[in-house]
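Let's take a walk through this model, moving from charged pairs to rings and then to the nonpolar parts.

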Amino acid sequence: MIRRATPADAAAITGLIYELAEYEKARHECTVVPEQIEAALFGPEPAVFAHVVEVTTPDDPSPHVVGTAIWFRNFSTWDGVHGIYLEDLYVTPDHRGAGYGTALLATLAEECVTKGYTRLAWSVLNWNTPSIGFYESLDAVAQDEWTTYRLSGDPLAALATRAR
């Protein structure tokens, strides 16, 4: 079952974020705690949203979360409308291949179409060939003419001191 996340999912989503960070060889950079996820998704003015994959098994009939899509709205100045930026898409290794990743992306595509958004975008690490193959199987097009930049830590703080 694919559904919107609820506050009760914050700990499970946080666990999935850590699994993704481990997979992306960046576990040491991940510091988020469930309270931050809950506040971001369900605080007074949420700017980020999530869907989860919830499954039951014959061995464990209680539902548990095995995947998530964490996203936020972006905006295209060229189209003049919003889109969705997918920050994280993750399904646990033992549940991959069952169509859950496709179902999560289809749910976000439906959100775009229903709300008149023109884009569903995300990034993928260049070495992540399984994910790249999956995205290309859905006819997603790599935007390889763009380079992503990031400021964080000391360079971010240094630039901030230049603000008036």
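Which side chain does Arg-119 meet in a salt bridge? It is that of Asp-79, at 3.7 Å from N to O, a salt bridge being a side-chain nitrogen of Lys or Arg within 4 Å of a carboxyl oxygen of Asp or Glu. Arg-119 sits in the loop between α3 and β5, and Asp-79 in the loop between β3 and β4 (81-91), so the pair ties together parts 40 residues apart in sequence. Helices (H or I, at least four residues) and strands (E, at least two) are DSSP runs, numbered from the N terminus.

Before going on, keep in mind that this is a predicted model: local features need pLDDT of at least 70, side-chain atom pairs count only at pLDDT 80 or more, and totals for chains, interfaces and linings use all residues. Residues are numbered from 1 along each chain as its sequence is written, and side-chain values use heavy atoms, with hydrogens and water left out.

The structure has 5 salt bridges. Take Arg-3 and Glu-54, whose closest N and O atoms are 2.9 Å apart. Since Arg-3 lies in strand β1 (residues 2-4) and Glu-54 in strand β2, this one ties together parts 51 residues apart in sequence. Both Arg-3 and Glu-54 are buried, where buried means under 20% relative accessible area, exposed over 50%, and partly exposed in between (1.4 Å probe, protein chains only). Asp-9 joins Arg-3 and Glu-54 in a network of salt bridges.

Glu-111 counts as buried because its relative accessibility is 10%, while Arg-4, at 37%, counts as partly exposed.

Now for the rings. There are 5 aromatic pairs; rings of Phe, Tyr and Trp (its six-membered ring) pair if their centres lie within 6.5 Å, with planes under 30 degrees apart counting as stacked, over 60 as edge-to-face and the rest as tilted. Tyr-23 and Trp-127 have ring centres 5.8 Å apart and planes at 50°, so theirs is a tilted pair. Tyr-23 is in helix α1 (residues 10-23) and Trp-127 in the loop between β5 (120-122) and α4 (129-137), 104 residues apart. Each of these rings also has a charge over its face: Lys-25 is 3.8 Å from the ring centre of Trp-127, and Arg-96 is 5.5 Å from that of Tyr-23. The criterion is NZ of Lys or CZ of Arg within 6 Å of the ring centre and within 35 degrees of the ring normal.

Phe-49 and Trp-71 make another tilted pair, 4.8 Å centre to centre with 35° between the planes. Trp-71 is buried at 2% relative accessible area, whereas Phe-49 is partly exposed at 23%.

Finally, look inside. The largest nonpolar core has 18 residues, and Ile-13, Ile-17 and Ile-37 touch the most other members. Such a core is a set of buried Ala, Val, Leu, Ile, Met, Phe, Trp, Tyr and Cys residues joined through side-chain atoms within 4.5 Å. At least two residues come from each of α1, α2 (34-42), β2 and β3, and α1 gives the largest share, 7 residues.
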